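Open the model in your viewer and keep the selection tool at hand.

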Amino acid sequence: MNFEFSEDQKLLKEQANGFLRDNCPPSLVRRVLESGEDHDPELWRKIAEMGWTATVIPEEYGGLGLSYLELAVIAEELGRAVAPVPFSSSVYLATEALLLAGSEDQKEAWLPRLAAGEVIGTLATSEGQGRPMAKNLQTEFKDGRITGTKIPVPDAGIADVCIVLAKSKGGASLYLVDMNQGKVKVNEVPTLDPTRGHGKVRFSGAKAERLGRAGQGMRLLNSILDRAAVLFAWEQVGGSDASLEQAREYALGRYAFGRPIASYQAIKHKLANMYVKNTLARSNCYFGAWALNTDASELPLAAATARVSAIQAYYFASKENIQTHGGMGYTWEFDCQFYYRRAKLLSVTIGSEAMWQDRLIAAVEQSNAA
């Protein structure tokens, strides 16, 4: 089976790459990192104007109605640029939740604004250490309001709408909360990558409305995570490829004992190992993109496989990139840190590698049983 992108999708990839080279150079990432800002509003505005936030949203809700293959292409290039924008939170998580489970009124109210980038969305499930589980939830929905604390929540400080996992009489469910109300308080949570903000969100009787059927919160959450995992994996592959390219370029230009360090076997092995891991992750991402785009029954297996291999590839490539640069790779002045920071952050954004390994094992067992 051929999972390769079409010529039109490859053209989109080239256009996205060129746009981000012009509008998201390393100097912009560094400026956001040094300024203490959690994203770049101007870059976010330009990305929305390009229509990327509207990629898979149906046309009747103000979207472009394209496929998830186009969104995967965009995700890869955003990862390559280490773009400091809330794209993943708003597009992979909040938008997907509404597309999967939103009522017609909810879709009409929020999807056009998410498509236009006028509002930013996010997903709040974790309440600290450990995986979110229905039996352990403390956040509660009662009489139309939510009370509880979620931490960490990606892009919480700039989000306008949040999809929240909470318990109720009917069981664990997902709820839609407008973040711009007085009953919601957000405190910043420091992370290794300050260009992607996270926060601690306290809901003190905030107005909320259920998303999807009562008691189906965990089932819906698993579906959202599977779909998001594929897109996060493409973003991670973009970052891992950029790490390899940066390491290769430096190795070719850096001389030691009169020769480029790229000519030494130890450096060749580093670059080769990075390439092998990146290629494995990319092949799994192709499978994931196909499963997501066709809504195949293999999606849980494909998503977990792509997620695990992409986590491993990005961390390895970003680490070896620093090593290839030697002592200078550890300094603030070099850009290697951007990829290492993002690799570590993305590795836990929708659950750790261990969690996704468990999901992979479960998916394999289910596939074998069938």
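Start with the lining of the largest pocket: its residues divide into 25 nonpolar, 13 polar and eight charged. Here Ala, Val, Leu, Ile, Met, Phe, Trp, Tyr, Cys and Pro count as nonpolar, Asp, Glu, Lys and Arg as charged, and the others, Gly among them, as polar.

Before you go on, note that this is a predicted model, where local features need pLDDT of at least 70, side-chain atom pairs count only at pLDDT 80 or more, and totals for chains, interfaces and linings use all residues. Residues are numbered from 1 along each chain as its sequence is written, and side-chain values use heavy atoms, with hydrogens and water left out.

**The largest pocket**

Select P132, L225, I350, G351 and M355. Of the 46 lining residues, these lie nearest the centre of the largest pocket. A pocket is an open set of points on a 1 Å grid over the protein atoms alone, where a 1.4 Å probe fits, with protein on both sides within 12 Å along at least five of seven lines; lining residues have an atom within 4 Å of a point. The volume is about 1100 Å³. It is the space filled by probe spheres set on the points, which are joined across faces, edges and corners.

Now colour by element. Helices (H or I, at least four residues) and strands (E, at least two) are DSSP runs, numbered from the N terminus. Which element supplies the largest share of this lining? It is α7, with eight residues. Among the others that supply at least two are β1 (121-124), β3 (145-154) and α11 (353-369).

**The second largest pocket**

Move to P26, R80, A81, A242 and Y339. They are the closest to the centre of the second largest pocket, out of 18 lining residues. Its space is about 370 Å³. Again α7 gives the most, here four residues. The lining divides into 10 nonpolar, two polar and six charged residues.

**Aromatic pairs**

The whole structure holds 10 aromatic pairs. Rings of Phe, Tyr and Trp (its six-membered ring) pair if their centres lie within 6.5 Å; planes under 30 degrees apart count as stacked, over 60 as edge-to-face and the rest as tilted.

Select F19 and W52. The ring centres are 5.2 Å apart and the planes are at 70°, so this pair is edge-to-face. F19 is in helix α1 (residues 7-23), and W52 is in the loop between α3 (41-49) and α4 (68-81), 33 residues apart. Are these two buried or exposed? Both F19 and W52 are buried. Buried means under 20% relative accessible area, exposed over 50%, partly exposed in between (1.4 Å probe, protein chains only).

Next, Y315 and Y340. Their centres are 6.0 Å apart and their planes at 45°, so the pair is tilted. Y315 is partly exposed at 33%, and Y340 is partly exposed at 26%.

Then select F5, W234 and Y286, which form one aromatic cluster.

**Charges over rings**

A charge sits over a ring if NZ of Lys or CZ of Arg is within 6 Å of the ring centre and within 35 degrees of the ring normal. Show R113 with W110: R113 lies over the ring face, 4.5 Å from the centre. R259 sits over the ring of Y264, also 4.5 Å from its centre.

**Last stop: cysteines**

The search finds zero disulfides (pairs of cysteine sulfur atoms within 2.5 Å). For C24, the nearest cysteine sulfur is that of C336, 17 Å away. C24 is buried at 5% relative accessibility, and C336 is buried at 0%.
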